[in-house]
Structure formats: structure tokens, C-alpha cells
Amino acid sequence: MQKVQRLLTRSHSKASERYVDVVFSYPNLELELSIPIEYRRTGTDIPDTKIDKYLAEVYEELNPNSWAQWQEEQAKFWKSKPGATTTKAFFDVLSGTPRWVCVGCELPTNPNWARRIQDLKEFGYTLATDTSRSCKQCNANKTHLMLLPLKRGGVSGYEKWSSDTRNRIIRLLKSYDAFEGKVGRKEGLLPDHKFPEI
């Protein structure tokens, strides 16, 4: 059984994101996923020569045996965000077994759904976007989203920070986001030694 099958690479240019569509085969479960390989919110920027190695790491991280623990960690996280009930409703629809969710007919009714998705990304969640996917429920090509049950902040980056070091850097720099040029949410910040090139 081939564990990881690469299908195609695609881009979401508005968000400066790039994905590899894959099939991950686990015992008793096959998942069709879209794995970000360029994703500025988590600092992910995988060179083409290292995509296979990265996909092997993500395959292990997404093992269905770890989903229950991931859900427990997220429940604790959301308890610490009592004012984020609107965004949490979006998380609730997107979490679970990774699948494409239509923004037109499956997400909570909200005139600014994109802001809620941006909030999830700023909290460190990894989402894939397909801007023109056919929806069988509403019979139209709509934007679809997929939340991957990966640790918040991404699987791996080229920098490794302990949580204490990361928090200290963010505290000392007063949560200033150098890319956006403003103070941001600490959950959406990635300490880095160079300015990202997107």
C-alpha cells in the first residue's frame, strides 16, 4: 500500500499559498487532502526538492490515531477564548475528519466569513483553500475550505522555537507584526529572523 500519493500542485495567489493535493492511505481510511507547502501564517515554505520529506512528516502528524488528542487540545484552547464564539462556530463546522467545506452552504451564516477564516489562521490553524470547487449541495462552483488537524503553528518550519522562547520574543516585541506593520494577535505571529518574501 502506497501511504502518500501526490496528485497535483496548485496555488491560491490572493493568499500567497501553494498546496499539494494528495491521497494519504492509513489502515481502514483513505484521505484526499490538500497540504500547504507555502503558507505564510505558519512560516511554511517548502522547497520543491523537500516536498516528499515534508509530506511524510505531515502524513505522520495527521495519523487518525492522534485526532482525539488533537480535539482535546483544541477544546482547551477554545476555553481560553471565551469572546471568540463567532469564530469558534466556524471552527466547529470545519473540524473533524478533514474534508472540503463549501463556504456558500455549509459554514455558519455570516456576511464576513473571510474574516472568521483569517482569525482561524491567525490562531495558528492550517486551512487549505480551493477557490473554485464544485459543490454538490448548492450546484455551483464555490470556495471550499479544509481544516487540517495539525498542531497550531504548523508541522515544521525551518526555525524551531521553544514555547517559552517564542512567548518571550513576542512579549518583548509587544506582538508587533513586521509583515503587516501593526500589532497582531500573538497566536498568529511567527518569530523569524528575516522578512518573509511573498
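Trainee: How many helices and strands does the chain have, and what pattern do they follow along the sequence?
Mentor: The predicted chain has five helices and nine strands. Read along the sequence, these elements give the pattern β-β-β-β-α-α-α-β-α-β-β-α-β-β.

Trainee: What percentage of the residues count as buried?
Mentor: A residue is buried when its relative accessible area is under 20%. The chain has 198 residues, and the share of them that counts as buried is 41%.

Trainee: Of the contacts between residues at least 6 apart in sequence, what percentage join residues at least 24 apart?
Mentor: The contacts considered are those between residues at least 6 apart in sequence. The share of these that joins residues at least 24 apart is 55%.

Trainee: Is D130 buried or exposed?
Mentor: D130 lies in strand 6, which covers residues 126-135. Its relative accessible area is 14%, and the cut-off for buried is under 20%. D130 is therefore buried.

Trainee: Is N141 buried or exposed?
Mentor: N141 sits in strand 7, residues 140-148. The C-alpha atoms of N141 and D130 are separated by 10.0 Å, with the two residues eleven apart along the chain. N141 has a relative accessible area of 53%, and the cut-off for exposed is over 50%. N141 is therefore exposed.

Trainee: Which backbone nitrogen does the side chain of N141 reach?
Mentor: Not counting residues up to four places away in sequence, N141 touches S132, R133 and S134. The N141 side chain comes to 3.5 Å from a backbone nitrogen, that of S134.

Trainee: How many disulfides does the whole structure hold?
Mentor: C135 is buried at 5% relative accessibility. Its sulfur has its closest cysteine sulfur in C138, at 3.5 Å, which is too far for a bond. The number of disulfides found in a search of the whole structure is zero.

Trainee: How are helix 2 and helix 3 oriented to each other?
Mentor: Helix 2 (residues 67-79) meets helix 3 (residues 85-94) through W70, Q74 and W78 on one side and T87, K88 and F91 on the other. The two axes come within 12 Å and cross at roughly 170°. Angles over 145 degrees count as roughly antiparallel, so helix 2 and helix 3 are roughly antiparallel.

Trainee: How are helix 3 and helix 4 oriented to each other?
Mentor: T86, T87, F90, F91 and L94 in helix 3 meet W113, R116, I117, D119 and L120 in helix 4. The axes come within 9 Å and cross at roughly 80°. Angles of 65 to 115 degrees count as roughly perpendicular, so helix 3 and helix 4 are roughly perpendicular.

Trainee: Which side chain is joined to that of T87 by a polar contact?
Mentor: T87 is in helix 3 and counts as buried at 4% relative accessibility. Leaving aside neighbours within four places in sequence, T87 is in contact with W78, R116, D119, L120 and F123. The polar contact joining side chains spans 3.1 Å, and its other member is R116.

Trainee: What covers the buried residues of helix 4?
Mentor: The buried residues of helix 4 (residues 113-122) are R116, I117, D119, L120, K121 and E122. Their cover includes strand 2, strand 3, helix 2, helix 3, strand 6 and strand 7.

Trainee: Which residue just after helix 4 takes a positive phi?
Mentor: The phi in question is about 100°. The residue is G124.

Terms used. Residues numbered from 1 in each chain as written. Predicted model: local features only at pLDDT ≥ 70, side-chain atom pairs only at ≥ 80, totals over all residues. Heavy atoms only, no water. Helix = DSSP H or I, 4+ residues; strand = E, 2+ residues; numbered from the N terminus. Buried < 20%, exposed > 50% of the residue type's maximum accessible area, 1.4 Å probe, protein only. Contact = heavy atoms within 4.5 Å. Polar contact = N/O pair within 3.5 Å; in protein donor to acceptor, adjacent residues only side chain to side chain. Disulfide = S-S within 2.5 Å. Axes fitted to C-alpha atoms, helices over the stretch in contact; angles between N-to-C directions. Parallel < 35°, antiparallel > 145°, perpendicular 65-115°, else oblique.
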